[in-house]
Amino acid sequence: MSVRDAEELEALLGDPGDDANPYGFAAAVGRDERDAFPAEFCAELARAGFHLNYLPKEWGGTFEAFDRSLTLVRSAARRDVNIMPGTMFSIIAATCLQLHGSVEQQQLAAEVLRGGGAVGFALTESAHGSDLLANEVALSADGVLDGEKWMVGLGLRCEAVYVVARTGARGPGAFSAVLLDLRDVPAGQLERLPAAATNGMRGIDLARLRFTGLRVPDGARVGREGEGLEAAVKAQQAVRLMSMAGSLGIADSAVRIALDFAAVRKVGRAVLASSPWPRRELSVAAAALLAADVSALTAARGVHVVPEAFSVWAPAAKHVVAESCEELVRRAGAVLATRSVLREGEGGAGLFQKLQRDTAVVRVIDASTLANLKSYAGQVPTLTEGGAAAADPGALSALFALDAALPAYEPGRLDMFARGADPVLAALPEAAAEVSAALSADASAAPVVALVEELAAAVAGLGGLTRAARGPGADPNALVDAAERYAWLHAAGCAVHLWRANRDRSLYGTEPGSAGWLGAVLGYLLARADGTDPRRRGAVLEPALDAALALRESGLLFTALPVRLATNRREES
């Protein structure tokens, strides 16, 4: 069996609000309390072919496009985000092998992964964290591996592992990669130990792998000497797409719990959803959710069209999604008040606590906030200071038009550095002018037009900002701050392109051509770019809440092209 889309997956897994459902919320909270790995849930997904959705077809997988995989993963992750690492930790090793593995190495990985097994990815070390150039695990000239890797996903149970080890003295070229079939490792040369337990995503398999004089067999070296770190960094661009699916799954459940509560809880004669302060908090949460969806969805399509830009696009989108989802969980918690801190009781009490903990882990699991921003901060001036090369109109149309077919994903086109202008922001002046003209006849859309114009002016100022950040006497944090502003503005640019390319179809359950959701997303993203409280944007955010309430009422996933869910909304009384 192979689930083809998220609605099939929803039907298979059933109502997550049913306490007796082993794939529902109560079961997830129970596992969380026991620090238990979601073995039964992962096994059911494996029987449904879920794990094949990120494997290329030539490996026996069913991968078609990242936007499809993103929706599948977030649909499962809304029930328990732990299924994402439980079933998909191998994606980074698989991508590395796609980039520079031999046919035999790819066949080994494909065999393991098709069977529901795992290929671990061993890169980081406890003493060095994100400072990868300081890593010490070494592969000697005569092929002996020594040292300890840290936080290896599925490291306690993986059948094979891709290891990045030091083979040189200094610099990025000092690291090479090997693929080890752990079923053949002699006793005493490898020790698998649990990594430190995490506060969120409890029970997932994170391990320390300790190599002691491990003789690396002939044929285990992946690619050429010195390219291990480069391949790993490129592969992480695709991994960030899937980590965004985890954040969105958490966000869907957090906002849904808050809306369920606000729809029935009364203050005086009014329900919370109609009371001014809770409505404002929920509007910010809903706008943040839609902004995260826009950023993730367009990135998932963009990697097919302009993978050369993903050394910047992927971490920028990761920042927007992670930070937006962290904020919306906090805003939802403010509305739930006491119920957000209860471990037991009705109304998703224990579940919300789990979501709070889980989102903190997803936010940093593939890179800390600072490491993520620093990974592309140095590239932002290249994208913003030079002359804006014209973007290919046909490519942008395929990217943003949600009914357009995508070109095949080509991981070999991923690059360490983005070259030339950002295609999204280079094409923004024309897109902004067209959107403003299309909305100018509607007086009610005037606030949205003003936001589009504000965005265009902010993007035009990015070049000057990055020049100042590199100038004499600049604040040492200025370039990282510019990278963060860039991320929020890039996401806002994606929202404008998305509206422009889909004005004749319904997005977020709204009427075709409706600009309310666009105004809410722009209001939220521009506030975050300016470092101001999004609540100050006021009523412009409310259409996001109206859209979320309508999607909830219809039992649909909170995404641009809504997916019908197995119901979990409690009946209102």
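**Notes on the helix packing and core**

1. In this predicted model, α9 and α10 run roughly antiparallel to each other, because their axes cross at roughly 160 degrees and anything over 145 counts as such. Helix α9 covers residues 276-305 and helix α10 covers residues 310-336. Their axes come within 8 Å, and α9 passes α10 in a left-handed crossing.

2. Now for α3, residues 39-47. Its buried residues are F41, C42, E44 and L45. Those residues sit on the same side of α3, because the arc they cover around the axis is only 160 degrees. Note that E44 is among the buried ones, while E40 and R47, on the other side of α3, are exposed.

3. What do the buried residues of α3 pack against? The partners are α1 (6-13), α2 (25-34), α4 (66-77) and α5 (83-88).

4. On to the nonpolar core: the largest one has 197 residues. Inside it, the residues with the most contacts are L145, Y162, L180, L328 and W517. Helix α8 (residues 228-264) supplies the largest share of this core, 20 residues.

5. W517 deserves a look of its own. Leaving out residues up to four places away in sequence, W517 touches L290, V294, A495, L498, W499, L507, Y508, T510 and P543. So if you want a place to start browsing the core, W517 is one of the residues with the most contacts inside it.

Key:
Residues are numbered from 1 along each chain as its sequence is written. This is a predicted model: local features need pLDDT of at least 70, side-chain atom pairs count only at pLDDT 80 or more; totals for chains, interfaces and linings use all residues. Side-chain values use heavy atoms; hydrogens and water are left out. Buried means under 20% relative accessible area, exposed over 50%, partly exposed in between (1.4 Å probe, protein chains only). Helices (H or I, at least four residues) and strands (E, at least two) are DSSP runs, numbered from the N terminus. The arc is that of the directions from the helix axis to the C-beta atoms. Contact means heavy atoms within 4.5 Å. A nonpolar core is a set of buried Ala, Val, Leu, Ile, Met, Phe, Trp, Tyr and Cys residues joined through side-chain atoms within 4.5 Å. Axes are lines fitted to C-alpha atoms, for helices over the stretch in contact, and angles run from 0 to 180 degrees between N-to-C directions. Angles under 35 degrees count as roughly parallel, over 145 as roughly antiparallel, 65 to 115 as roughly perpendicular and the rest as oblique. A crossing is left-handed if the near helix is turned anticlockwise from the far one by less than a right angle, and right-handed if clockwise.
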